[in-house]
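Please consult it alongside the sequence and the model.

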Amino acid sequence: MLLAILAGHDVSLSERAIIGAAVCIHLEFKERVAVPLKLHIIACSTRPGRVGIGVAKWFEGVAVQHAKFASELVDLATFNLPVYDEPRHPRLQKYEHAHTKKWSASVAAADAFVFVTPEYNFGPPPSLLNALDYVYLEWNYKPAAFVSYGGMSGGIRAVQTEKLTMTTLKMVPIIEAVSIPMVAKQLNEAGQFTPNEAQTDAANAMLNELLRWAEALKPLRQAK
Ligand SMILES: Cc1cc2nc3c(=O)[nH]c(=O)nc-3n(C[C@H](O)[C@H](O)[C@H](O)COP(=O)(O)O)c2cc1C
């Protein structure tokens, strides 16, 4: 219909320009009201008695209030991933096991990730490294941010090592982060985490930057 109008002899050049501008505004509006990008907040510790789930729940609340992503808390423990047990390289996506297929679907559904990670022996928890190994293409071109916690270090040594692995998976780890030293002091008996002001500010700054990267990397994800 629009093409017919534009092709018609009785439409002046200026009218065509107006119609063209209206189409541009419409497309721009469509882009702006598009479905929000999907953020997965991954609780990386899987051990019984872990404190990380309380930290992850706090961050989920921040992300919901931030409201720029469609966010979801993903508890790695619920996937019960054994030590990597697929016979083929994950790049082939020829998965044999139900746990891999379920994990693959979860990772594939996200546009961006926040890893809520402890530090074990100055490094990442094996549960996270194992989960990263399980799939490959599903991680590609997605930004990653970190909420780390631990003792004095606030988990930052674990994060540095996690970033190295993630770049091999074609992820983009971002600089803005939340690190929580002496995490136990901010947890109550029920395992609920109470942030300080700096941590809440850092969480929001991180989400803002993560959104920019998630949007910027969208064409690369679509071209996969
Ligand atoms: C195997 C192991 C190694 C640890 N290594 C470190 C460490 O290197 N640095 C640190 O700050 N805390 C370390 N901790 C203490 C953890 O920060 C603390 O146990 C924290 O609660 C772990 O997170 P989670 O309870 O969510 O698993 C370690 C804990 C475990 C279980």
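## Loop residues with positive phi

Gln93 belongs to the loop that runs between strand S2 (70–75) and helix H4 (98–109); helices (H or I, at least four residues) and strands (E, at least two) are DSSP runs, numbered from the N terminus. Its phi is near 55 degrees, a positive value in a residue other than glycine. Gln93 has 15 other C-beta atoms within 10 Å and is therefore partly exposed. By definition, a residue is buried if 20 or more other C-beta atoms lie within 10 Å of its own, exposed if 12 or fewer, and partly exposed in between, with C-beta atoms placed from the backbone.

Lys170 is situated in the loop between helix H6 (156–168) and strand S5 (172–180). Phi of Lys170 is near 60 degrees, again positive in a residue other than glycine. Lys170 is partly exposed, because 15 other C-beta atoms lie within 10 Å.

## Basis of the model

This is a predicted model, in which local features need pLDDT of at least 70 and side-chain atom pairs count only at pLDDT 80 or more, whereas totals for chains, interfaces and linings use all residues. Residues are numbered from 1 along each chain as its sequence is written.

## Overall composition

The protein chain contains eight helices and five strands. Along the sequence, these elements follow the pattern α-α-β-α-β-α-β-α-β-α-β-α-α. Of the 224 residues in the protein chain, 34% are buried.

Two residues are in contact if their C-beta atoms, placed from the backbone, lie within 7 Å. Among contacts in the protein chain with a separation of 6 or more, 78% are between residues 24 or more positions apart.

## The sheet

Five strands form an open sheet in the order S2-S1-S3-S4-S5, and the pairing is parallel. S2 and S5 stand at the edges, each with a single partner strand, so one side of each is left without a neighbour in the sheet. On average, neighbouring strands of this sheet are turned by 20 degrees against each other, direction ignored. Two strands count as paired if DSSP finds at least two bridges between them. Axes are lines fitted to C-alpha atoms, for helices over the stretch in contact, and angles run from 0 to 180 degrees between N-to-C directions.

Strand S1 (residues 38–43) pairs with strand S3 (residues 112–118) in the parallel sense over five bridges. Leu39 has Ala112 as its bridge partner in S3. Helix H7 (residues 197–216) packs on the sheet and touches S3, S4 and S5, its direction making about 170 degrees with that of S5.

S4 and S5 pair in the parallel sense over six bridges. Within S5, Ser179 stands opposite Ser148. From S4 the chain crosses through H6 to S5, and this β-α-β crossover is right-handed: with the strands pointing away from the viewer, the path from the first strand over the helix to the second runs clockwise.

## Buried positions around the sheet

Phe146 is part of strand S4 (residues 143–149). This residue counts as buried because it has 27 C-beta neighbours inside 10 Å. Leaving aside neighbours within four places in sequence, Phe146 is in contact with Phe115, Thr117, Val159 and Ala177.

Ala110 occupies the loop between H4 and S3. With 23 other C-beta atoms within 10 Å, Ala110 is buried. Beyond neighbours within four places in sequence, its contacts are Lys38, Leu39, His40 and Lys142. Ala110 and Glu138 are 28 residues apart in sequence, and their C-alpha atoms are 8.7 Å apart in space.

## Helix H5

In helix H5 (residues 126–134), the residues Ser127, Leu128, Ala131, Leu132 and Tyr134 are buried. They cover an arc of only 155 degrees around the axis, which puts them on the same side of H5; the arc is that of the directions from the helix axis to the C-beta atoms. H4, S3 and H6 are among the elements covering these buried residues.

## The nonpolar core

A nonpolar core is a set of buried Ala, Val, Leu, Ile, Met, Phe, Trp, Tyr and Cys residues joined through C-beta atoms within 7 Å. The largest such core has 52 residues, and those with the most contacts inside it are Ile41, Ile42, Val55, Phe59, Val114, Phe115 and Val116. Not counting residues up to four places away in sequence, Ile42 touches Val74, Leu76, Phe113, Phe115 and Val116. In soluble globular proteins, nonpolar side chains tend to be buried together.
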